[in-house]
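Please consult the sequence and the model shown here while reading.

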Amino acid sequence: MTRRRWLLGLAALVAVVLVGAGAVVATRLVSRPSPGPVAGPATPSPSATPTTPAPVTTSPTPPPGADLKGPLNLLLVGVDTRVSVPGWEPHADAVLVLHVPAGLGRAYLFSLPRDLVVDIPAYPKAGYPGGRTKLTHAMSYGSRVPGDKAHPSTAQGYELLRTTVSRYTGLRIDAGAVITFGGFDKLVDTLGGVDLYVDQRVASIHRRPDGRYRDRSGSTYTGPQMVYQPGNRHLTGWQALDYARQRYTAGGDYTRQRHQQQLIRALARKILDQGLARDPDRVEQVVAALGKTLVYAGGGRRLVDFAYALGGLPAEKFVLVGLPGDAVGSGGSYRGEQLLPVGRDFLAALRGGDADAYLAAHPSLRVKN
């Protein structure tokens, strides 16, 4: 695999639940012809003849992101935005963190439960006083625009979610991206679907086998269900999105987190196999498909900077990590989720640069397939 092809795939991972958009942006920038060197006046050397100009020495321009040495932490968010509902506040339905240690030679992708009980700091910009509640609400509370309930801000919601995740994990968030469900659907279809190993039977509560939404009365869905059977499957956009959304199945939201991580990896492989960097027309199709469904937040850095900086990461050094947890309750009522000590200790090992040793001692945390 060439460095450019892996750069493309890694840039994709940086920008999706998010997969793909980073590759598109990076490819558009790196595929432009670079200007040739500007020739200056030749200075004859002692051994040169009058008709032989001396060689011109130029200082090479450093590539984008050459100053990024790591560690880097990228926040990837999939949001539930119901555009048909006026004033609907986005909820963080998928929250993933990509951690790349110093040296940029390996990476770890892990998920945080949407219902993780966390301390959300005050956010005056949205009029939120702060509180202890589920992680998913950080996005919705932060998105509120005082005096304009009809137009919540996804960018604001991401800002509060980023701060909340950073405080919980102890990791500085360097950049991130938010993609809506509609954007994810379009992305997969633009890539021609995705090949994925389904590791357990999953019955959809949302869709019929033909892709139509099931009938709903209150909180109850009725009618035929789409069922994803174990094995190697080719999924279209709506199928991939539907499969990755299901949490009312064996393992609950922790199974869904695993499936989302596996889907991200499968999409990266799809992008690599298609060789998008060599096909400008396909790149433009992906750009057009995503449109405004993706928000990139780079803290003042371009996405291409991160793509170049991570371009040398070997594919086999990309590790998926599942952090187990359990329910938090009070008086028999469900409040949310908490990570088990083995998961919280992984975060400490990550901060201390000991993730490989910790995973070696706790191999069950590695996500397979």
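The sections below treat a helix, a strand pair and the aromatic rings.

## Basis of the report

The model is predicted: local features need pLDDT of at least 70, side-chain atom pairs count only at pLDDT 80 or more, and totals for chains, interfaces and linings use all residues. Residues are numbered from 1 along each chain as its sequence is written, and side-chain values use heavy atoms, with hydrogens and water left out.

## Helix H4

Helix H4 spans residues 154–169 and includes Thr164; Leu160 is also found in H4. Helices (H or I, at least four residues) and strands (E, at least two) are DSSP runs, numbered from the N terminus. Thr164 has a relative accessibility of 1% and therefore counts as buried. Leu160 is likewise buried, its relative accessible area being 1%. Buried means under 20% relative accessible area, exposed over 50%, and partly exposed in between (1.4 Å probe, protein chains only).

Contact means heavy atoms within 4.5 Å. With neighbours within four places in sequence left aside, Thr164 is in contact with Val118, Asp119, Ile120, Pro121, Leu135 and Ala138. Leu160 and Tyr128 are 32 residues apart in sequence, and their C-alpha atoms are 9.9 Å apart.

## Strands S7 and S12

In a regular strand the side chains alternate between the two faces of the sheet. Strand S7 (residues 194–198) has Val194, Leu196 and Val198 on its covered face, and Asp195 and Tyr197 on its uncovered face. S7 pairs with strand S12 (residues 231–235) in the antiparallel sense over five bridges; two strands pair if DSSP finds at least two bridges between them. Leu196 has Arg233 of S12 as its bridge partner.

## Aromatic rings

The whole structure contains four aromatic pairs. Rings of Phe, Tyr and Trp (its six-membered ring) pair if their centres lie within 6.5 Å; planes under 30 degrees apart count as stacked, over 60 as edge-to-face and the rest as tilted. The ring centres of Phe110 and Phe346 are 6.1 Å apart and their planes lie at 80°, so this pair is edge-to-face. Because Phe110 lies in strand S3 (residues 107–112) and Phe346 in helix H10 (residues 341–351), the pair ties together parts that are 236 residues apart in sequence. Phe110 and Phe346 are both buried.

Tyr228 and Tyr243 form an edge-to-face pair, 5.5 Å centre to centre with 65° between the planes. Both of these residues, Tyr228 and Tyr243, are buried.
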